[in-house]
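Please look over the model below before reading on. My points follow in order.

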Amino acid sequence: MLPAYISHPDCIKHDMGDQNPECPERIGAISDHLLIKGLLDYMLPYDAPLATEQQLAQAHSTLYIHELAAHVPTSGFYQVDPDTRMNPYTYQAALRAAGAAVLATDLVISGEAPVAFCNIRPPGHHAERAAASGFCFFNNVVVGIRHALNVHGLERVTLVDFDVHHGNGSEDILHDDPRVLMCSIFETGLYPFSGAVPRGPNMLNVGLPPRSGGEAFRAAVENQWIPALDAFRPQMLYISAGFDGHREDDMGNLGLVEADYTWVTQQLVAVAKRHAGGRIVSCLEGGYVLSPLARSVAAHVRVLIGAD
């Protein structure tokens, strides 16, 4: 029973232009580094399926899904917001990214895989119920979470988000769902300029000031996340795994390093073993400088699959 590694070539075809940091090369940089480090030898690869409209509608309005599909350009780009645009392959890639989270959920809950990592793009945690934003179209991890709850019948699921940006889309969809505890750590004063006031009692938002570094990050996890997670006793953990808090990534200024991603993953794996039978699904979010992104993902995956 090997951990699952889920991706798809369609995720590389989505492209928002030469100047956009959410570039197709992110997928290859990660897969190449995991291969070089020998980590893919311990994982079973899967092609991400296309998410169905029914699966997407667990997280998004049907009207929004149809409007997004209607705006797929035949050539060039369709601008969704100042940071986010679609090329002719974007919608297909977005369906694959959401479908990866659904497949990961099925594999882990069925016991076919102990954990799963989804190397996917476009990312998802800024996508709200009825709006795309911040490079995101469908909220991949939330589609997976709702699949676990509504199809598989889980009663308590946790989403942990350590991207440098607050997952406003995840909060928008999940803030009134008592079956989900969302824990996030993000840098204050950054896009999307939200999270300071949680939108629901199931939201644990920890904003850290710029240049906080690993010590403050670890203290927030130890003092706030872990007690809340242990009290909630999740039956499954989902991770919005963003690596743009790395000190070499200019999208943020938290000052984290690979060792911090190793450490936080160790804490989450321990929580999953205590309460969830070790079940974790991790979905790629941010991380835009290729070398630190690839190194950080490898540090995360090494712990996730028990190769550390």
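1. A term before the details: helices are DSSP runs of H or I of at least four residues, and they are numbered from the N terminus. On that count, Ser61 sits in the loop between helix 3 (53-56) and helix 4 (62-70). Bear in mind throughout that this is a predicted model.

2. Is Ser61 buried or exposed? Ser61 is buried, because its relative accessible area is 11% and the cut-off for burial is under 20%. Setting aside residues up to four places away in sequence, Ser61 touches Arg129 and Ala130.

3. Now the overall fold. The protein chain has ten helices and ten strands. Its radius of gyration is 17 Å, close to the 19 Å that the globule rule gives for 308 residues, so the chain is as compact as a globular protein of that length. Along the principal axes, the C-alpha atoms fill a box of roughly 50 × 45 × 40 Å.

4. Burial and surface come next. Of the 308 residues in the protein chain, 60% are buried. The accessible surface is about 11,400 Å². Carbon and sulfur atoms account for 52% of that surface.

5. Helix 5 (residues 90-110) deserves a check on its length.

6. Which residues have the most contacts inside the largest nonpolar core? They are Ile6, Leu56, Phe138, Ile145 and Tyr238, in a core of 50 residues. Helix 5 gives the most to this core, with 13 residues. A second, separate core has 47 residues, including Val164, Cys183, Leu208 and Val269.

7. Neighbours within four places in sequence are left aside here. Its contacts then include Thr105, Val141, Gly144, Ile145 and Ala148. Val157, Thr158, Leu159, Val160 and Val281 are also in contact with Tyr238. Among these partners, Ile145 is itself one of the residues with the most contacts inside the largest nonpolar core.

Methods:
Residues numbered from 1 in each chain as written. Predicted model: local features only at pLDDT ≥ 70, side-chain atom pairs only at ≥ 80, totals over all residues. Heavy atoms only, no water. Helix = DSSP H or I, 4+ residues; strand = E, 2+ residues; numbered from the N terminus. Buried < 20%, exposed > 50% of the residue type's maximum accessible area, 1.4 Å probe, protein only. Contact = heavy atoms within 4.5 Å. Core = buried A, V, L, I, M, F, W, Y, C linked by side-chain atoms within 4.5 Å. Rg over C-alpha atoms; globule rule 2.2 N^0.38 Å. Areas by Shrake-Rupley, 256 points an atom, 1.4 Å probe, with all protein chains shown as cover.
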